[in-house]
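Dear colleague,

I am handing over the structure we spoke about, and my notes on it follow below.

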Amino acid sequence: MDLQLAGKSCLITGASRGIGWGTAKIMADEGCRVALVARREQLLNELADEIAGAGHERPVVIAEDVTRQGAPEQIRERAYAAFGGLDILVNSAGGSRPIPWDAPVDVWHEGMTLNFEMLRQLTHQFIPGMRERKYGRVINITGSSEPRGVNVANAAKGAVHMWAKGLSRIVAADGVTVNSLPPGRINSEQILERLHPDPEERERFAKSEIPAGYFGEPEDMGYLIAFLCSPRARYITGEVIHVDGGMHKFAL
Ligand SMILES: NC(=O)c1ccc[n+]([C@@H]2O[C@H](COP(=O)([O-])OP(=O)(O)OC[C@H]3O[C@@H](n4cnc5c(N)ncnc54)[C@H](OP(=O)(O)O)[C@@H]3O)[C@@H](O)[C@H]2O)c1
């Protein structure tokens with residue numbers, strides 16, 4: 001199937017590692033013009049070199065902290081300067097924040113700002129242009145709605161689901177779709193270095209918690225993202241689609 005993505009412009013946050021990194025390579029392979037956003041510029045440049053080395057247009061590198069005041073506007077300006085507009089936004093910057101239930105306000109604020117508020121602000125930068133162009137795809141990489149304890153990311157990702165559903169209804173008639181993808185356990189920097197650093201524990205977790213029996217790879221998200229960003233997926237919007245090897249237990 002031709003996904004008809006050739007020449008489409010695509011900005012990916014959290015592209016220096018993990019799901020954003022794997023998705024950037026797939027979108028470039030599909031012919032997208034890609035912009036990469038994260039804080040670690042060197043990693044973004046290495047990825048841009050790899051994509052260019054594979055024969056694609058070199059991605060635009062935007063080294064930026066998405067939580068910085070003014071970052072959403074600057075990211076939009078850089079993307080518009082490079083592409084003259086934007087067709088696809090993949091919001092992958094974020095991270096798990098397990099905390100004590102009574103953690104102080106600034107801990108909550110940091111996690112909600114990264115995982116919800118700045119994602120929302122960045123998306124708002126691009127929605128008017130997408131509506132004008134009568135084409136837009138917003139993909140939010142979210143997370144589980146089945147908390148194991150108190151984690152700021154759970155609350156923030158739940159907020160993204162509700163906000164994205166509402167937004168999807170407003171922009172649908174303009175050819176803009178908004179979908180959210182909660183990963184289960186996808187091998188990435190935070191998973192391998194912070195949340196599940198011990199290979200034996202990973203193996204045990206996968207066998208007991210994941211019906212498929214193993215942790216996924218960034219590409220397992222990336223192929224679905226490519227499809228949802230395609231004109232072929234025009235009738236799918238406001239959805240929450242789990243990519244988790246069957247890990248979530250409940251129907252929604
Ligand atoms: N992997 C999983 O199984 C899993 C499960 C549930 C949810 N998720 C969600 O999936 C998304 C991607 O996670 P991942 O597992 O792929 O994580 P990862 O490998 O740890 O990568 C996180 C990415 O986010 C970027 N980032 C973090 N804070 C940022 C900031 N303030 N400004 C700009 N970029 C920032 C990091 O880049 P820099 O450090 O270079 O800035 C990095 O590129 C996250 O939203 C995460 O919550 C993942």
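**Notes on the model**

G22 is buried, with 24 other C-beta atoms within 10 Å; here a residue is buried if 20 or more other C-beta atoms lie within 10 Å of its own, exposed if 12 or fewer, and partly exposed in between, with C-beta atoms placed from the backbone. This is a predicted model, in which local features need pLDDT of at least 70 and side-chain atom pairs count only at pLDDT 80 or more, while totals for chains, interfaces and linings use all residues. Residues are numbered from 1 along each chain as its sequence is written.

G22 has its place in helix α1, where helices (H or I, at least four residues) and strands (E, at least two) are DSSP runs numbered from the N terminus. Leaving aside neighbours within four places in sequence, G22 is in contact with E217, P218, E219, M221 and G222, a contact being two C-beta atoms, placed from the backbone, within 7 Å.

As for the chain as a whole, it holds eight helices and six strands, which run from the N terminus as β-α-β-α-β-α-β-α-β-α-β-α-α-α. Its radius of gyration is 17 Å, close to the 18 Å that the globule rule gives for 252 residues, so the chain is as compact as a globular protein of that length; the radius is taken over C-alpha atoms, and the rule is 2.2 Å times the number of residues to the power 0.38. Along its principal axes the C-alpha trace spans about 45 × 35 × 35 Å. Buried residues make up 42% of the 252, and of the contacts between residues at least 6 apart in sequence, 76% join residues at least 24 apart.

The largest nonpolar core has 57 residues, and those with the most contacts inside it are C10, I12, A15, A24, V34, L36 and V37; such a core is a set of buried Ala, Val, Leu, Ile, Met, Phe, Trp, Tyr and Cys residues joined through C-beta atoms within 7 Å. Helix α4 (residues 105-133) gives the most to this core, with seven residues. I12 touches, beyond four places in sequence, G20, T23, A24, V34, L36, V37, V90 and S92. I51, in helix α2 (residues 41-53), counts as buried because it has 20 C-beta neighbours inside 10 Å, and its contacts beyond four places in sequence include A24, A28 and V34.

The ligand is surrounded by 31 residues, of which G14, G18, R39, G94 and S188 are the closest; a residue is near the ligand if its C-beta atom, placed from the backbone, lies within 6 Å of it. Elements giving two or more residues to this shell are α1 (18-29) and α6 (189-195). The shell divides into 12 nonpolar, 13 polar and six charged residues, where Ala, Val, Leu, Ile, Met, Phe, Trp, Tyr, Cys and Pro count as nonpolar, Asp, Glu, Lys and Arg as charged, and the others, Gly among them, as polar.

Two backbone angles deserve a look. Most residues other than glycine have a negative phi. Phi of Q4, however, is near 55°, and phi of K134 is near 60°. Q4 lies in the segment before β1 (9-13) and counts as exposed, with 12 C-beta neighbours inside 10 Å, while K134, in the loop between α4 and β5 (136-141), counts as exposed with 10.

Best wishes
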